[in-house]
Amino acid sequence: MNLSEVLLDALKSHGARQIFGIPGDFALPFFRIAEQSHILPLYTLSHEPAVGFAADAAARVNSTLGVAAVTYGAGALNMVNPVAAAYAEKSPVVVISGAPGAAEANRGLLLHHQGRRLDSQLRIYSEITCDQACLNDARSAPADIARVLHSALTHSQPVYLELPRDMVAVPCAQVVAATPSEPDTEALAACAQEILERVRVAASPVIMVGVEVRRFGLEAKVAELATRLGVPVVTSLSGRGLLADAASPLCGTYLGVAGTPEVTRLVEESDALLLLGVIVSDTNFGVSARHIDLRRTIQALDERVTLGYHVYPGLPLAALIDALLARASAPRRLLLLAPPAYPRGFVADDAPIAPTDIAVAVNDLMDSVGRFPIAADMGDCLFTAMDIENTALVAPAYYATMGFGVPAGLGLQAATGERPLVLVGDGAFQMTGMELGNCRRYGWDPIVVVFNNSSWETLRAFEPNCAFHDRGDWRFADMAQALGGDGVRVRTRRQLFDALRSAVATRGRFQLIDAVIPRGVISRTLRRFVDKMGRPNASS
Ligand code: S1T
Ligand code: MG
């Protein structure tokens with residue numbers, strides 16, 4: 001086998017199911033082998049940010065590796081933002097970048113696509129990946145690949161592999177997967193015992209689940225643990241969509257001042273808040289009505305457990321959950337909170353459309369046709385998603401980059417075969433919405449709802465009276481036909497209802513619903529954020 005086939009084989013044996021990419025001359029030899037070998041399906045998109053977002057979404061939905069293959073320089077550096085997002089949100093994307101071969105690197109000429117130095121790209125990616133390797137030696141390549149892919153899976157973070165174009169067809173030994181290290185069983189036992197004791201004596205323990213629970217495929221086990229312990233569960237904002245398919249005492253999503261008062265009180269008054277795989281970020285905790293003393297919480301993240309001033313390093317979340325399950329005694333009195341009542345009862349009348357109407361319409365639709373996975377972009381569409389019934393959700397809820405929604409929907413459908421609903425604002429659609437033009441080649445048919453307020457409305461809500469938020473009226477529905485799908489512009493709730501019904505009934509072509517939302521009309525979750533948080537650094 002050659003180095004490219006060995007790499008593709010290793011990606012597949014480590015869980016990758018497809019590759020998203022855009023080639024360039026430094027990557028053409030690898031792309032040719034990838035296409036001809038059929039080891040993994042190869043999907044090409046139109047702009048590298050979309051490649052990164054699609055690979056990220058594919059990793060998230062399948063709790064495994066996503067793969068983004070690009071050319072050197074112009075390609076790879078174009079994808080820095082999505083990979084930084086994957087790093088921040090713990091999504092294991094494997095970046096494979098073509099690169100100059102040894103001879104051309106030593107010719108003494110500056111090379112096209114070279115930014116500063118030839119190793120500048122590796123240095124840049126070292127900042128947003130947990131491990132890296134340059135595959136310029138066939139003797140060390142199998143061990144380098146094994147180490148880097150193991151790092152991606154162990155830390156659930158992106159990794160970077162640079163593949164010089166003169167190496168792609170070099171004969172190479174196969175990769176032998178790295179052997180995972182075993183956690184210290186005594187430390188694990190002591191930690192589990194201490195956590196269970198904290199929960200046992202607490203008056204109101206609460207479990208909050210975050211992204212690592214999904215990344216390491218632990219939803220069913222955590223649901224079982226919560227049920228066994230008799231402890232209510234909430235998700236963090238970036239953990240929204242977790243436990244959608246697992247029977248558990250799930251009470252909703254913690255949004256602090258912007259959330260439902262009952263859930264906010266439950267979390268903020270807990271005397272034993274157990275954070276499982278939760279990123280301790282401003283988007284997850286910066287909205288607290290009352291300061292949560294994180295030192296009093298129990299945190300399990302990044303293979304480290306802290307209980308107050310006790311720290312247990314080297315304990316992967318999966319091992320901890322197993323140790324807790326093995327010791328969890330009979331359930332205590334479960335502090336029951338009614339499961340969240342997401343708004344239903346859509347009124348199909350001639351009133352204009354508000355974001356919350358879209359949530360109500362989607363909830364009613366899922367009641368009648370079944371739940372579907374959602375890919376949401378950053379903007380009020382994400383805040384609106386908090387009013388949608390708990391269902392699988394991929395969204396940049398922590399790193400908060402725009403442009404994620406449409407490519408993530410494509411990545412989701414490529415990775416699962418399920419038809420996604422994509423929620424995206426007009427500003428974000430302007431960034432990556434054109435990627436819908438790739439649907440026809442691959443038979444993808446997402447339903448895309450554009451929250452078209454002709455504005456960067458989330459920003460305007462915090463910084464009103466500025467003209468730079470205006471986006472103008474882009475007629476997205478008119479674009480759909482040209483891109484191979486169907487589009488409709490809707491202005492009333494009745495038109496929205498009819499458009500959703502028609503979109504669900506139409507398979508094989510993407511469906512774009514351009515929902516016109518009046519200026520200044522925002523979701524109730526964003527409204528609560530703005531009312532409680534006010535303008536950041538607002539001048540007096
Ligand atoms: N650029 C990128 C790539 N990501 C961002 N998050 C931003 C800029 C800043 C930003 C927001 S929200 C927002 C911007 C520009 C406006 C979004 O507009 P649109 O998609 O139309 O959605 P809506 O009108 O619902 O707000 C966050 C706060 O950083
Ligand atoms: Mg907008």
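Are Asp426 and Asn453 buried or exposed? Both are buried, where buried means under 20% relative accessible area, exposed over 50% and partly exposed in between (1.4 Å probe, protein chains only).

Before the points, some ground rules. This is a predicted model, in which local features need pLDDT of at least 70 and side-chain atom pairs count only at pLDDT 80 or more, while totals for chains, interfaces and linings use all residues. Residues are numbered from 1 along each chain as its sequence is written, chains are lettered from A and ligands numbered from 1 in the order in which they are written, and side-chain values use heavy atoms, with hydrogens and water left out.

1. Start with the metal. Asp426 (OD), Asn453 (OD1) and Ser455 (O) coordinate the magnesium ion (ligand 2) at 2.0 to 2.1 Å. Donors here are N, O and S atoms within 2.8 Å of the metal (3.2 Å for Na, K and Ca), and water is not among the atoms, so sites may look incomplete. Along the chain, the spacing of the donors reads D-x26-N-x1-S. Asp426 sits in helix H17 and Asn453 in the loop between E17 and H19, 27 residues apart, so the pair links distant parts of the chain. Helices (H or I, at least four residues) and strands (E, at least two) are DSSP runs, numbered from the N terminus.

2. Now look at ligand 1. A polar side-chain atom of Asp426 lies 2.9 Å from an oxygen atom of ligand 1, and one of Asn453 lies 3.0 Å from an oxygen atom of ligand 1. Ala428 uses its backbone instead: an N or O atom there is 2.9 Å from a ligand 1 oxygen. The protein buries 76% of the 630 Å² that ligand 1 exposes when taken alone (Shrake-Rupley method, 1.4 Å probe).

3. Who lines ligand 1? Helix H17 (426–432) and helix H19 (457–462) each give two or more residues to the shell, and H17 gives the most, with four.

4. Finally, check Asp445, in the loop between helix H18 (439–442) and strand E17 (447–452). Asp445 is buried, at a relative accessible area of 2%. Its side chain makes a polar contact of 2.5 Å with the side chain of Arg507; such a contact is a pair of N or O atoms within 3.5 Å, and within protein one must be able to donate a hydrogen and the other to accept it, with residues adjacent in sequence counting only if both atoms are side-chain atoms. The backbone nitrogen of Gly508 is 2.9 Å from a polar side-chain atom of Asp445.
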